[in-house]
Amino acid sequence: MQPTDNAMAPEGWSNDSGEAAKAMLAPALEPFLLPAQTSLSLAAHQHALASVIAHIRGSLNLDTIFQTTATQVRQLLGADRVGVFRFFPDHPSEGALVAEDVAEGVRSVLAQPIQDHCFSDRFAPLYKEGRINAVSDFENQNLEPCYLDLMRSLQVRANIVAPLLVGSRLWGLLCIHQCRGPRQWQPTDIEFVRQIADHLSMALHHADLLQQARAQTEQQRALAAVIARIRNSLNLDKIFQTTATEVRQLLEADRVGVFQFSSQQDWAGHLVAEDVAPGWRSALAEPIEDNCFGERFAALYQEGRINAVSDFDTDTFEPCYRSLMAHLQVRANIVAPLINGKTLWGLLCIHQCRGPRQWQPTEIEFVRQISEHLSIALQQAGVIEQVQQQSAQLAEAAERHRAAERHRALATTIDKIRQSLDIDTIFQTATAEVLHLLETERTVIYRFNADWSGEFVAESMTPGWLALMKHYHTHADSCLQQNQGGRYRHNEPHAVADIFTAGYADCHIAVLEAFQARAFMIAPILQGNQLWGLLATYQNSGPRQWEAHELYLLSQVGTQLGVALQQAEYVRQVQHQANQLQRAAEREKAVAKTVDRIRQSLDIATIFETTTQEVRLLLGVERVAIYRFHSDWSGEFVADSIEHDWQPAQAPVLPAYPSLPGQSAQPYPRHETFVPILQGDRLWGLLMAYQSAPRHWPEDDIALLAQLGTQLGMALQQAELWEQTRAQKEELTHTLATLQRSQTRLIQSEKMAGLGQLVAGVAHEINNPINFIAGNLAPARQYADDLLQILSLYQQECTQPSRDLQRAMEAADLDFLRQDLPKTLASMSVGTERIRQIVLSLRNFSRLDQAEMKPVNLHEGLDSTLLILHHRFKDRPELLEIELVKQYGELPLVECYPAQLNQVFMNVLSNSIDALRERQQQSPLEPDYTPQICLQTKQVKTNWVRIRVTDNGLGIRPEIQHRLFDPFFTTKDPGKGTGLGLSISYQIVVEKHGGQLYYAPKAGGGTEFTIEVPVQQPSFLK
């Protein structure tokens, strides 16, 4: 960037005549010139110059001009680098190359910041005079070390540097660098560079003029836009803020504010609108006072004069004014008056805070026009305010008249509501009157349920609209459910003029569009202090600005509906009490009759049967039963009365109690109530009433049950002597039954033992012949191979067999026999091996030799179980093959009952297979689904092992997971499960082995059962 230190040697600088360039040609440098460093002849000079100038003039894009010039000049001069250097505006001694063309092997320095601290003092004046600097060899010049280091960092050995001027301003430099070695520059070279630099300066000047013209055009367009916005609004605050924002952006100022005088005596005031650039302090609403304003500036501003200051640090101002500007961080400003009529209302202030600024006449004119239009807006606002005051007075009188009419209409509506006690009639009257009074298109009454969902209970609408009670009778608003009525619980009505501008979520707008609503008002209906529902009126055809009196009318009607609800509730309670009294009298008669029948018999079964039948008829329920407790607080049903042909309305949530002998095992209703039956001070049992559908049990029903329960207790006491007489007989009968049950258990145990022996015996008997067959298969295969080999050799030797032999070979199909015999022997080998594996699995599964607790390999038991279940893993029609993933860890021998643990494995794996098959049957076309069972074993802690069985089947519903290990509980269809598998497995693992069996749901569906048993059993379990 910087020329050589030729301030002491001016021959390095070239003037316009080029004589200085000729003087610096040193013949001694001739041997060091490279072949590419050829100078231009005069003709070549003119031709090359014309070509480059044509490209410069052929474009208005400076980047294109610079790059094209750099490329052509480097090629024409055979230089190593040609670049266009531009000075940074805020740093006259620093800049960067904005365009560059370099020869192959020369490093690019495009956009690299380059700085020379002594440039502005020593060389800038010379370049501003249009001087050109040419250096043949920097290594042979007496240069400052810092500059020589700069040239070396740029790989420059010789250069020509010409200034690029825009007017009198030094914009940049045109640099021609020779990097490979020194170069003796010719006068034609220097002249060529000078002319190129002149034309580049002209291009820069033209671009500057074009930019100014565009800026003026853009400023006029922006001025028109700002003025249009000022005229399009009557809101002064909005006008001021919009103007401040746009003027600051257009002028690229740091702060633009609208200042209003609060008093014309001391000329104090504050900014009423402001737009400030990031990094500068806001002065909005800050009190501002200038003590010398009235003497020096007030009169000038009242005349419409504009004040523009380029730099407060250099101009002479009073200390108070300079202090105020410093406080506001202002370095330069433009201030224009805002005049309302003949009064100086305020000022339009444009502040430059980051530094001084030379304001252009176009900018001052722009601010003047903006201030004039703001003044016009102030005058218009005053006129409009007067008109609005007059209109408000007229509107107030009209509103008083309308208010009287509305009060009369409201009173008429309330009177119609009070004329009836029927709540449906009241609702229909209210919706019709509101629809008429407010001239809306739909009015509805919405009632909340206990969970804050709800339903439409009344509706009136104009023709042509959708009936909500027919198409959306019930509706759940998630927002109202979450906040339990929201603002309406606090008796706050709500009005929306347009659902699309109310800020609702898309899902909320979709619901309102389904209701055909565009605008609406809603008033709460309170029954006492509780939110009962909502009174809503809708405008469907378009938006509507609701008036305050309309919302008040709707709220008043909603209040009257609440009063009507309370009155209707009082009437209902009186009627209910009367019905209760009548029902109580009837029940007292029925109870007396039932008690009399109870006392007529000492047979407890007859008493129970009579009681259950009478109670079922009295309460009108589907089932009444008597449940008796045993000494261990288990129990049984001893009497039951069920409605004829009763069918459950819905499947019971919990499994039904066992039925009495001789009755079908159908599921009984589970919505029940019960009272105790006391025999003296001892709880003997329960008297229970059931209903399949949900039912609220009133207190008189429970009281009736309690009264009859007391009578049953007394009947039990009366029958106690008779029960004692039969006690010995029952005891003997019970003993006999116990002996019979014991005998049955012994027989069952013997059967299971016999079955195990049978399995082991069958396995043993099969194993002996299979071993014999397997042992002889290998010699048989060898014999067959030898015979076939001899036969082959015989065929080779005897090429002409006899006719009889040939017929025998054809009859036996000798070629097929030779191919099929080895395959048959191989198939027999595979079959015997399969039979041996099955025998081994049967022996491992029965474990007759391991009936006692002993250390075993659990992997063998798992594999045996899997082999037995192997057929259930295979493909079936419409069912995929189950994928088995085994992840066996290193397990020690585990001390256990092997056969019992094998039973546990069988139960868990069978349940997983059932769950997988059931999922495939329910969703046969489920994409990307592969049924899978994962079997994982692992040693945990030091004395425990874990077996985990995971599947991706249907999974188990959360509400029944806690009952998985209950006896007789099953999730399978009737006839497909006993409900004992997991219960027995739980007893085996927990009680017999001191382990754990638990279930965990699997993410994404499926089940995971975990079995944990200790490696060594405690002594009390052995």
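Let me begin with F515, which is buried, with a relative accessible area of 5%. Please bear in mind throughout that this is a predicted model.

Across the whole structure, the search finds 19 aromatic pairs. Another of them joins F259 and F261, with ring centres 5.1 Å apart and planes at 85°, so this pair is edge-to-face. F259 is buried at 6% relative accessibility, and F261 is buried at 9%.

The charged end of R623 sits over the ring of F637, 4.8 Å from its centre, and over the ring of Y690, 4.9 Å from its centre.

I turn now to the nonpolar cores. How many residues does the largest one have? It has 36, and L858, F873, I933, V945, I947, F1009 and I1011 make the most contacts inside it. Among the elements that supply at least two residues each are α24 (858–868), α26 (898–922), β26 (932–940), β27 (944–951), α27 (981–992) and β29 (1007–1014). The largest share, eight residues, comes from α26. Leaving aside residues up to four places away in sequence, F873 touches L866, E881, I882, L884, I913, R917 and I933. A second, separate core has 32 residues, including L49, F66, V166 and I176.

Five strands form an open sheet in the order β24-β26-β27-β29-β28, with mixed pairing. Which strands stand at the edges? They are β24 (883–887) and β28; each has a single partner strand, so one side of each lacks a neighbour in the sheet. From one strand to the next, the twist averages 15°. β28 and β29 run antiparallel and are joined by six bridges, and Y999 stands opposite F1009 in β29.

Two helices complete the picture. α26 lies across β26, β27 and β29, at about 20° to β27, whereas α27 lies across β28 and β29, at about 130° to β28. Thank you for your attention.

Methods:
Residues are numbered from 1 along each chain as its sequence is written. This is a predicted model: local features need pLDDT of at least 70, side-chain atom pairs count only at pLDDT 80 or more; totals for chains, interfaces and linings use all residues. Side-chain values use heavy atoms; hydrogens and water are left out. A nonpolar core is a set of buried Ala, Val, Leu, Ile, Met, Phe, Trp, Tyr and Cys residues joined through side-chain atoms within 4.5 Å. Buried means under 20% relative accessible area, exposed over 50%, partly exposed in between (1.4 Å probe, protein chains only). Helices (H or I, at least four residues) and strands (E, at least two) are DSSP runs, numbered from the N terminus. Contact means heavy atoms within 4.5 Å. Two strands pair if DSSP finds at least two bridges between them. Axes are lines fitted to C-alpha atoms, for helices over the stretch in contact, and angles run from 0 to 180 degrees between N-to-C directions. Rings of Phe, Tyr and Trp (its six-membered ring) pair if their centres lie within 6.5 Å; planes under 30 degrees apart count as stacked, over 60 as edge-to-face and the rest as tilted. A charge sits over a ring if NZ of Lys or CZ of Arg is within 6 Å of the ring centre and within 35 degrees of the ring normal.
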